[in-house]
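Subject: A structure for you to look at

Hello,

Here is the structure I promised to pass on to you. Please open it next to this email and follow along as you read.

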Amino acid sequence: MTVRRIAYQGEPGANSHLICVQSYPDAEAVACPSFEDVFAAVSSGEADLAMIPIDNSIAGRVADIHHFLPTSGLHIVAEHFLRIQFSLMALPGATVDTIKTVHSHVHALGQCRSVIRELGLKAVVSGDTAGAAREVAEYADPSQAAIAPPLAAGIYGLEILREDVEDEDHNTTRFVVLSRELIEPPVDNGPVVTTFVFNVRNLPAALYKALGGFATNGVNMTKLESYMVGGEFSATMFLAEVDGHRDDLPVRRALEELAFFTTDVTILGVYPADPFREKGFDG
């Protein structure tokens, strides 16, 4: 598949921009103000792919993505993991002694509490990390700083005062790549992940029975998350991921058994597992 343009949510310099550059260096990375705009860009053909964060090792799942995926009409075709690195940046000439306020996304502020507390900074929430860097550049005030990916400093003409200010060195975000086209790897061609959503019937032990087939067929389930749909407490949707291809006999049998106890099963994607799953960043 030829990738000319890949859409992401955020401003230039955001982590989503960085993973686009790393994973698809020959493609044009297209910034979008919202996740809805990212999905729309791919659906309309404006972009070939979308890069969407779905989980963070500290903050957990990314809000709203689970609601967009099942109805988007797009397919997950790849996954990528990004070690999150934040820098404290400000105007050229500013120092840790001149800054009083720090801007960033709420999650980034929560992941960098130590440096904020150490320097006695007032935290201000911005729409995203790269946007915070842009705002600080526009303020032209040496008392203002931003916590953002290092890429943002070069884009917005800021100087990095401290690198790697995140509290945890395991801070990692998992991204999925979405496409209009259904692209699946062949069976028996390396580690594969199958992602799907389903609703269970509103009956006692329905979830237990629905998942039993994965255990009896020896299929490893790596993710199971629930969320409400339609504002009804009785209508719970589950997003699940398993190791293996949906055409592998154990996975196929487990999915067939799942269908007996659910009202709907939708495969969102079958795609190669990122090597990070086995090796981590030090592998």
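Alanine 90 has glutamate 159 in E10 as its bridge partner. E6 and E10 are joined by three bridges and run antiparallel. Names such as these come from DSSP runs: helices are H or I runs of at least four residues, strands are E runs of at least two, and both are numbered from the N terminus.

Before going on, please note that this is a predicted model, where local features need pLDDT of at least 70, side-chain atom pairs count only at pLDDT 80 or more, and totals for chains, interfaces and linings use all residues. Residues are numbered from 1 along each chain as its sequence is written, and side-chain values use heavy atoms, with hydrogens and water left out.

**The sheet**

E6 and E10 belong to an open sheet of five strands in the order E8-E7-E9-E6-E10, with mixed pairing. Two strands count as paired if DSSP finds at least two bridges between them. Strand E8 (122-125) and strand E10 (159-162) are the edge strands, each pairing on one side only. On average, neighbouring strands are turned by 35 degrees against each other, direction ignored.

E6 also runs antiparallel to E9, with four bridges between them, and methionine 89 stands opposite alanine 146 in E9. Are the residues on the two faces of E6 buried or exposed? Ser87 and Met89 on one side, and Leu88 and Ala90 on the other, are all buried. Buried here means under 20% relative accessible area, exposed means over 50%, and partly exposed is in between (1.4 Å probe, protein chains only).

Strand E7 (residues 101-104) and strand E9 (residues 144-148) run parallel and are joined by three bridges. Within this pair, valine 102 has alanine 145 in E9 as its bridge partner. Helix H6 (residues 129-139) packs on the sheet and touches strand E6 (87-90), E7 and E9, and its direction makes about 160 degrees with that of E9. Such angles run from 0 to 180 degrees between N-to-C directions, with axes fitted as lines to C-alpha atoms, for helices over the stretch in contact.

**Two alanines in loops**

Alanine 140 sits in the loop between H6 and E9. This residue has a positive phi of about 55 degrees although it is not a glycine, and it counts as exposed because its relative accessibility is 54%. Alanine 205 lies in the loop between E12 and helix H8 (206-216). Its phi is also positive, about 65 degrees, although alanine 205 is not a glycine. With a relative accessible area of 42%, alanine 205 is partly exposed.

Threonine 195 is in strand E12 (residues 192-200). Why does threonine 195 count as buried? It does so because its relative accessibility is 0%. Leaving aside neighbours within four places in sequence, its contacts (heavy atoms within 4.5 Å) include Ile76, Leu239, Thr266 and Tyr271.

Serine 179, in strand E11, counts as buried at 1% relative accessibility. Serine 179 and alanine 78 are 101 residues apart in sequence, and their C-alpha atoms are 9.3 Å apart in space.

Enjoy exploring, and write back with any questions!

Best wishes
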